[in-house]
Protein chains: 2
Amino acid sequence: MHTQQSANLDKRESGNLIGSDKVEGTDVYRSNGDHIGNIDRVMIDKYSGKVAYAVMSFGGILGMGKDRYPVPWSMLTYSENLGGYQLDITEQQLKGAPSFSDGQDWQFADRAGERALFDYYGAPPYW
Amino acid sequence: MHTQQSANLDKRESGNLIGSDKVEGTDVYRSNGDHIGNIDRVMIDKYSGKVAYAVMSFGGILGMGKDRYPVPWSMLTYSENLGGYQLDITEQQLKGAPSFSDGQDWQFADRAGERALFDYYGAPPYW
């Protein structure tokens, strides 16, 4: 896959880092260019220093009723073409994806909830 | 050490995550309460999803002449008492610490430079 090849090439270069404040606000698209949402923040494991997941939000009017979805970091691939992260997920898959309820912005449930999240995306857990 | 014990206790709880936007702007102090600086951002390894280091800034007037220091994530311990991160580093150590030059905000040199950084702090490298 071309994206993976580019990633491997980049990996050997020094530009392998990205600033958290550059990730925040970045658009998320499907590979066909559909806009899915934006990255609000990344959640960092305080002890291991690993990114647990990114929090993606979309919809909402003036911040009301915004849906927030935790997405495993490994699911997001930066695409120069799209000018944002690529996340290949269907509308149907997104609807069924684990999401935050109100007042739960900072922490996605407990370890069991996190496990369900990574299982849903078929991604390796961060811990 | 008390701080380490608290960290181990917290580790068993679900509140082990912190949002990147909450880290940004957080004050950094010595254990005696001296204010050292603020966290600008954390730098994330795009491929592994590991935090490489935090970028701490201090000084400067209206953003001019600000010094920016990359600090290994593992060196920063959050202190409830201080209301910020604790970094035990002397003025002398800080003066000799690796820092960014202008226009080098996003990436701290190459792997050799990164190795020198982690060696300086005696911290395990992130890669």
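**Exercise 1. Find which residues of helix H4 (residues 111–121) of chain B are buried, and on which side of the helix they lie.**

Solution. 
- Helices (H or I, at least four residues) and strands (E, at least two) are DSSP runs, numbered from the N terminus. Buried means under 20% relative accessible area, exposed over 50%, partly exposed in between (1.4 Å probe, protein chains only).
- Pick the buried set in this predicted model: Gly113(B), Glu114(B), Leu117(B), Phe118(B) and Tyr121(B).
- Check the arc, taken from the directions from the helix axis to the C-beta atoms. These residues span only 135 degrees around the axis, so they sit on the same side of H4(B).
- Turn to the face away from the buried side. Ala112(B) and Asp119(B) are exposed there.
- Look for packing partners. The buried residues of H4(B) pack (contact: heavy atoms within 4.5 Å) against strand S1 (17–19) of chain A, and against strands S4 (51–58) and S5 (67–71) of chain B.

Conventions: residues are numbered from 1 along each chain as its sequence is written, and chains are lettered from A and ligands numbered from 1 in the order in which they are written. Local features need pLDDT of at least 70, side-chain atom pairs count only at pLDDT 80 or more, and totals for chains, interfaces and linings use all residues; side-chain values use heavy atoms, with hydrogens and water left out.

**Exercise 2. Determine how chain B is laid on chain A.**

Solution. 
- Superpose by least squares on the C-alpha atoms of residues with pLDDT of at least 70 in both copies.
- Locate the axis. Lys50(B) comes closest of the residues of chain B, at 2.2 Å (C-alpha).
- Compare surfaces. 100% of the contact residues of chain B recur in chain A, so the same surface serves both copies.

**Exercise 3. Describe the interface of chain B and chain A.**

Solution. 
- Count contacts: 34 residues of chain B touch 34 residues of chain A.
- Get the buried area, the accessible area (1.4 Å probe) that two parts lose on being put together, summed over both. The value is about 3,100 Å², with 56% from carbon and sulfur atoms.
- Leu17(B), Ile44(B) and Tyr47(B) supply 23% of the area that chain B buries against chain A, more than any other three residues.
- Apply the salt-bridge rule (side-chain nitrogen of Lys or Arg within 4 Å of a carboxyl oxygen of Asp or Glu). The rule finds 2 salt bridges across the interface. Asp21(B) and Arg41(A) form a salt bridge (2.9 Å, N to O).
- Assign elements. S3(B) gives the largest share of the side of chain B that touches chain A, 5 residues.
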